[in-house]
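Let's work through a few exercises together, one step at a time. Keep the picture beside you as you read.

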Amino acid sequence: MAGGLLTFKQFMELQHDPIPPFEAQHHYEEYKKDYERKQLETFFGEHKDEHWFIEKYDPVVSQKWQEERHMNAKVSHRTFIEGARSSAFEGLKLRDNGTTVDKISGPPYYGFDPNSMTLFLKTIPVNISRWDLLSVVKTSPGFVSLSMSEPLKSQGFSRFAWVLYDSEQRCNESLELLTNKTVVGDFKLSPVRSQSSSRKEVHIQPPQPLESLEADWKQSARLISCLDREKGIQENPLLVSQEKFASMSEEEKENQLDLQLLYLRKVHAFCYYCLEEYDDERMLAAKCGPAHIRSRYDPSALRSPEFDEQVETRLNKKVTLQKYDKDSDAKLAEKLLDFENKNAIEEEEMKVRCAKCKKLFRGIEFMKKHLHNKHPEEIEKVVDERLKEIMLENYLNDPDKLMNQIQYAGEGFRGARRPPPRQKKSSDLPYEDLDDPSKFQKSSRKVIDYSDI
């Protein structure tokens, strides 16, 4: 069996006494939950010290990353509003007109070009943090931003990275400057110019009824307000009132909708039609495509009520910055108190000796202060133990967490058979990164999908 998960039949064959069917099913479900929990704890133990894992689940580090994302959104907000005021999005039209667009980053879609002014960094190992890498690349001339992929399960959980610059010239200069640049230890950068596959497609929605124009305008405006509020953006002059929208021509209404949809992508890395949010616009483009547009309006088409329900679900989802405060952590306080008491040796009335260095104190409170001041490394161990507990909780509660594949018990177990294999899905296909310039062979995938791994 090699410790694999038993099938229900195998589980029942191990029981010494007959069990009623309903009770047996209950016991089997409990067994499965316990087995799966142990598998998750094993995965946690294997990856808890890797930086991709720490960045996602450590309460202090993940808070730092979320704060940076919010700050980046505020900068993107100001840039977008300034661009809208200066007619930087002239000719914007996020509706399919049947023609091929030569430059995706220009009109009419103003989509994301993964190759423009970008360096690609392949295989960032698990012992390199986002900030290790950032500290090196941000010193290169014309640096704008750093993007990192999700961990690649097929490549030992290493990550890819992209560095964006403010001009092609500075991008080329930085290519030379960063080559063989040491990051941490013996890890050196080997950047190349990003040469993403040209087969990334613009996604097009099915035809919608004409009334979807106003419905999408209202819902996208509500999503903007919601996401702005989550990231601390106080005012948004892009949004217009119901009265102003009603006074617009059909063309003006479409343009207002297009500006709002583009704002969601460029400021919040949020696709309105997919209703998904990503770390940045590059990761959004990798998953959703460089642009996601609507099709023609069709009087005979029907609007999907499920889509409107999904919008409401996202609007009602309370996303707040998770701030961890050690001073208000009751469980940490309990652990520290327990540690202090275990290291306090009472020798005589009003005298307490430190178990770590044997120094004698006149009173327990003096000894506790001594522990914190003179043995901070021991206190740090207690804090680290508590942070690891929180990391495990965060990992277990993540609906999109990575985990090891469940292994079933062998076929030779008393004649029992392994459950039939599930039907192969697109997410089971081997991972291919279409932004990897070293791969130019024909790919079986149309869009990068980091959720596969």
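**Exercise 1: A strand and its neighbours**

E348 stands opposite K351 in strand β12. This is a predicted model, where local features need pLDDT of at least 70, side-chain atom pairs count only at pLDDT 80 or more, and totals for chains, interfaces and linings use all residues. Residues are numbered from 1 along each chain as its sequence is written, and side-chain values use heavy atoms, with hydrogens and water left out.

Solution. 
- Step 1. Strands are DSSP runs (E, at least two residues) numbered from the N terminus, and two of them pair if DSSP finds at least two bridges between them.
- Step 2. The hairpin of β11 and β12 has 2 residues between the strands, and M350 in the turn shows a positive phi of about 70°.

**Exercise 2: Two faces**

Task: Sort the residues of β12 into a covered and an uncovered face.

Solution. 
- Step 1. Walk along β12, residues 351-354.
- Step 2. V352 and C354 belong to the covered face.
- Step 3. K351 and R353 make up the uncovered face.

**Exercise 3: Enclosed spaces**

Task: How many cavities of 30 Å³ or more does the whole structure hold, and what lines the largest cavity?

Solution. 
- Step 1. On a 1 Å grid over the protein atoms alone, a cavity is a set of points where a 1.4 Å probe fits but cannot get out; lining residues have an atom within 4 Å of a point.
- Step 2. The search finds 2 such cavities.
- Step 3. The largest has about 60 Å³ of space, where volume is the space filled by probe spheres set on the points, joined across faces, edges and corners.
- Step 4. Its lining includes L94, Y109, F112, R265 and E281. Helix α9 (residues 250-268; a helix is a DSSP run of H or I, at least four residues) gives the most to this lining, with 3 residues.
- Step 5. The second largest cavity has a volume of about 30 Å³, and its lining residues include F270, C271 and Y272.

Notes:
On a 1 Å grid over the protein atoms alone, a cavity is a set of points where a 1.4 Å probe fits but cannot get out, and a pocket is an open set with protein on both sides within 12 Å along at least five of seven lines; lining residues have an atom within 4 Å of a point. Buried means under 20% relative accessible area, exposed over 50%, partly exposed in between (1.4 Å probe, protein chains only).
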